[in-house]
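Here is a short walk through one model. Follow along in the viewer.

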Amino acid sequence: MAQESPTFSPLYRQIKSLILQALESGEWRPGQVIPSEQELAARFSVSQGTVRKAIDEMAADNLLIRKQGKGTFVASHNDPRALFRFLRLVPMDGDLAPPQSVPMDCWRAKAGQEASRMLGIELGDPIIIVRRLLKFANKPVVIDEIYLPGEVFPGLTLEVLQSWNGSLYSLFETRFGLRMIRAQERLRAVAADRSTSEALKVPEGTPLLSVERVTYTYGDRPVEWRRGLYSTAEHFYLNELN
């Protein structure tokens, strides 16, 4: 069905919004090529330059990926280049080998006040809580506690997590059709308690980096709240500012 040409300024932002709507509706799936700039210009009755500016901004936002000679593709969590977009912990030796995700627990609960506030759901709504370790070179470095809206992740179990060979976000994208678009993090220093020291194999009281994250999908909808504790004895948190 033909879409009406946007009428509000700036025009390229309106085109960006229309392309986002197509992505959210699943018209173009992660990893798929989108129509050419010429085709999109004809579809939206605008110039190719306007479409190019919208796509440039979406590429800068990591929503689309330009591939020389192949076209423009919907960004995917299955792309190895996307791994360290949300995982900012980097080994000091520079080895960026993918970490091993080790699911420990997965259970269902009802959202308390904090979970309902962070996830934008009602108090008492069903949630899923996941605990997992991240290992680098077989050493435990991160322990995460992850809160997810139950209605968004039907069928998520410990068995599903354990059988998946890939990142958590690639599982969310592939099995549940959910793409993580952006995240907001809060960092502070904490001391390892007994439980954490045992999981990360560090002495009790060891300084750790606490990273609290809320992750959003299309429409700026929060779909994940996680609290992670990072051991930084052999790693550092990398954040590029531009």
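Val202 counts as buried because its relative accessibility is 16%; buried means under 20% relative accessible area, exposed over 50%, and partly exposed in between, with a 1.4 Å probe and protein chains only. This is a predicted model, where local features need pLDDT of at least 70, side-chain atom pairs count only at pLDDT 80 or more, and totals for chains, interfaces and linings use all residues. Residues are numbered from 1 along each chain as its sequence is written, and side-chain values use heavy atoms, with hydrogens and water left out.

Val202 sits in the loop between α8 (194-200) and β8 (207-217). Helices (H or I, at least four residues) and strands (E, at least two) are DSSP runs, numbered from the N terminus. Leaving aside residues up to four places away in sequence, Val202 touches Ala192, Ser197 and Ser231; contact means heavy atoms within 4.5 Å. Thr72 is 130 residues from Val202 in sequence and 45 Å away in space, C-alpha to C-alpha.

Now turn to helix α2 (residues 37-44). Its buried residues are Glu37, Leu40, Ala41 and Phe44. They lie on the same side of α2, because they cover an arc of only 105° around the axis; the arc is that of the directions from the helix axis to the C-beta atoms. Gln38 and Ala42 are exposed on the other side. The cover over the buried residues of α2 includes α1 (11-25), α3 (48-60) and β1 (64-67). Ser45 follows α2, with a positive phi near 55°.

Last, strand β10 (residues 235-237) holds Phe236. At 34% relative accessibility, Phe236 counts as partly exposed.
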